[in-house]
Each structure stands twice: as C-alpha cells, then as structure tokens.
Amino acid sequence: MNDEQLLRYARHVLLDEFGIEGQERVLSARALIIGAGGLGSPAALYLASAGVGHIVLADDDEVELSNLQRQILHTTARVGQAKAQSGKLALNALNPDVRVDAVVARLLGPALDEQVAQADLVLDCCDNFATRHAVNRACVRYGKPLVSGAAIRFAGQVSVFDLRRADAPCYHCLFPEADDVEELRCATTGVLGPLVGIVGSMQAAEALKVITGMGDTLTGRMLCLDALAMQWQTIRFRRDPACPVCSGR
Ligand SMILES: [Zn+2]
C-alpha cells in the first residue's frame, strides 16, 4: 500500500480485526454485484469506498425518475442512462483506485458462469427469484460465497451462503424454487427508501467480513427486519440434505 492508500483506508486499518492484512485482501478482491438498484447502490458504494480492487456491476436496466427515491448510485442528470454505467461513474468518482466493469446485461447462462467463476464473492442485489436462483446455482457450481439481500415494502432480509464450505446451506435450501411463488415488485407495491439502504449496507459489511475473514458471517442465519416496528428477527437454518441444487457437491 502506498501512503495515499494508507491514509484513505486508515479507519479500517486501525481496526485490529481488519488491519493492513485485511486491507490488502480487500484491495486484491474481485466482487460481482448483481443489480445496481436499491440494494446494489449502498453495497457498491461501501465496497468501492473500502477499496475492493475490482468491482463488476451488472444490471440491464436504465435509470428512471422513480428509482431516485432509493437508488443512491444514480442522479437526476443520469436518468435514461444504463444503471451499470451510471453506477460506474459514481464509484469511480468516489474511489478512482477501484477498477469497475459495467455489465449492461441480465447475467444468465454462460455469461453468468464466467463472471461468478472469476469473482471472489457475489452480492445478490437483484429483485426477482429467477435471477436469485440462477446466481445461487452458479455460486454452488464454483464454490463462491454469496451475500444475499432482499427488501420490499417495510420488510428486509439479509443472509450469507458461504459456498466455499461444504457444509454451508445454499439459497435453495432455504427458499426452494417453486412456480407458484407470487413475486412482489417494488414497482407495484412500494418500498421504504432507507430500508434498501439498511439491507444493502449490511450486505457490504458481510462482504468485507467474507473477504477479510474477520468475525462471524450470517452463514446459516437470516436476519429479517420489520422496519415499521423496527424489529429484527433471526431465523436459523441448515443445509437441506435433499436440496437438488447443492446436495451433489
Ligand atoms: Zn441447497
């Protein structure tokens, strides 16, 4: 690390659990962030500010005026731009040390596999079950840690599926894929702006723990927030031995 980096990251380096070694790990890490919306905005901003060396930000959407109530990567002037590109501008302005690849696409199939294979960890910041399950399957396939977040209305969820570990549950163990699941969308049901900030920030915190190895991550636990009552609940879960996605690993 050079002097400027030591200064920029001093408040992390000062933490005994983080230190120079943790910062070096962060600087050499590659994070794949799926979704540059409400969750991806704070997650990407905190990972870029922490100096995550290489961030791949994937989103196929464009910035709309109705996004700006919560998607803090974007600005009024960038309405109409691709969210991945708009996000890259925000992250580069915050920390020019970070290499940001903007992927203007909904990652699926071989393109998703290729990105997951190259990533050190994956943050699921998307808004639909099909993508969540595709991302989970790719993370199981390549043994990559998955930091998962979701938020709708006043309800938020966050968990970690550390698929580097053979005994760790996957997303499908907790939420088996089903055709009849009714999907709630922010576009039709609404979502409290700061709620996605809370959940996305927690994803960034868990991602930094995964990268540095400090503390205990949310592996095997899901935190659920009711932002109206402002109450948290912890749900503990285990690997499903019959899970069709991860039981073969
Ligand atoms: Zn599973």
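Let me begin with two helices: the axes of helix H3, residues 19–27, and helix H10, residues 193–212, come within 9 Å and cross at roughly 105°. That makes H3 roughly perpendicular to H10, a term used for angles of 65 to 115 degrees, whereas angles under 35 count as roughly parallel, over 145 as roughly antiparallel, and the rest as oblique. The axes are lines fitted to C-alpha atoms, for helices over the stretch in contact, and the angles run from 0 to 180 degrees between N-to-C directions.

Before going on, please keep in mind that this is a predicted model, in which local features need pLDDT of at least 70 and side-chain atom pairs count only at pLDDT 80 or more, while totals for chains, interfaces and linings use all residues. Residues are numbered from 1 along each chain as its sequence is written. Helices (H or I, at least four residues) and strands (E, at least two) are DSSP runs, numbered from the N terminus.

Where the two helices meet, Gly22, Arg25 and Val26 in H3 are in contact with Leu208, Ile211 and Thr212 in H10, contact being C-beta atoms, placed from the backbone, that lie within 7 Å. By class, this contact has three nonpolar, two polar and one charged residues, where Ala, Val, Leu, Ile, Met, Phe, Trp, Tyr, Cys and Pro count as nonpolar, Asp, Glu, Lys and Arg as charged, and the others, Gly among them, as polar.

H10 itself has 20 residues and reaches 29 Å from its first C-alpha to its last, close to the expected 28 Å, which is 1.5 Å times one less than the number of residues.

What covers E4, and on which faces? Both faces are covered, with Leu121 and Leu123 on one side and Val122 and Asp124 on the other, all of them buried. E4 pairs in the parallel sense with E1 over four bridges, and Ile34 stands opposite Asp124 in E4. E4 also pairs in the parallel sense with E5, over three bridges, and the bridge partner of Leu123 in E5 is Val147.

By contrast, E5 and E6 pair in the antiparallel sense over eight bridges, with Gly156 in E6 as the bridge partner of Ala151. In the loop between E5 and E6 lies Arg153, whose phi is near 50°, a positive value in a residue other than glycine; Arg153 is partly exposed, with 15 other C-beta atoms within 10 Å. Met230, in the loop between E7 and E8, has a positive phi of about 50° although it is not a glycine, and Met230 is exposed, with 9 other C-beta atoms within 10 Å.

Technical notes:
Two strands pair if DSSP finds at least two bridges between them. A residue is buried if 20 or more other C-beta atoms lie within 10 Å of its own, exposed if 12 or fewer, and partly exposed in between; C-beta atoms are placed from the backbone.
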